[in-house]
Amino acid sequence: MTPLKVIVVDDEQLARDELCYQLEQMSAIEIVAQASNGFEALNAVERFEPDVLFLDIQMPGLGGFEVARRLLDRED
């Protein structure tokens, strides 16, 4: 089984570290990138084409909901 490619996005390093640690315990998941803000997240999505994004809702500049909206708009 091919692991799911995951990107973890959170402006708090400790939160990213903890989530990545938990996800790394699952063999079906490969963390391909981390991002500390929404703009980095959009770039990482373009570069790595993940299967799943873990998005923090409140981040400076571009929050998780806005990242999701922009990604959905790209699909159209």
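**View 1. The largest nonpolar core.** Of the 13 residues in the largest nonpolar core of this predicted model, those touching the most other members are Ile 7, Val 9, Ala 41, Leu 42, Val 67 and Leu 71. Two or more core residues come from each of β1 (4–9), β2 (29–35), α2 (38–48) and α3. The largest share, 4 residues, is supplied by α2. A nonpolar core joins buried Ala, Val, Leu, Ile, Met, Phe, Trp, Tyr and Cys residues through side-chain atoms within 4.5 Å, buried being under 20% relative accessible area (1.4 Å probe, protein chains only). Helices (H or I, at least four residues) and strands (E, at least two) are DSSP runs, numbered from the N terminus.

**View 2. Surroundings of Ile 7.** Neighbours within four places in sequence aside, Ile 7 is in contact (heavy atoms within 4.5 Å) with Val 32, Ala 33, Ala 44, Val 45, Phe 48, Pro 50, Val 52, Leu 53 and Phe 54.

**View 3. The second core.** Val 8, Cys 20, Leu 23 and Ile 29 are among the 5 residues of a second, separate core.

**View 4. Lining of the largest pocket.** Val 45, Glu 49, Pro 50, Leu 53, Leu 55, Ala 68, Leu 71, Arg 74 and Glu 75 line the largest pocket. On a 1 Å grid over the protein atoms alone, a pocket is an open set of points where a 1.4 Å probe fits, with protein on both sides within 12 Å along at least five of seven lines; lining residues have an atom within 4 Å of a point. The largest share of the lining, 4 residues, belongs to α3.

**Notes.** Residues are numbered from 1 along each chain as its sequence is written, and side-chain values use heavy atoms, without hydrogens and water. In this predicted model, local features need pLDDT of at least 70 and side-chain atom pairs count only at pLDDT 80 or more, while totals for chains, interfaces and linings use all residues.

How values were computed:
Buried < 20%, exposed > 50% of the residue type's maximum accessible area, 1.4 Å probe, protein only.
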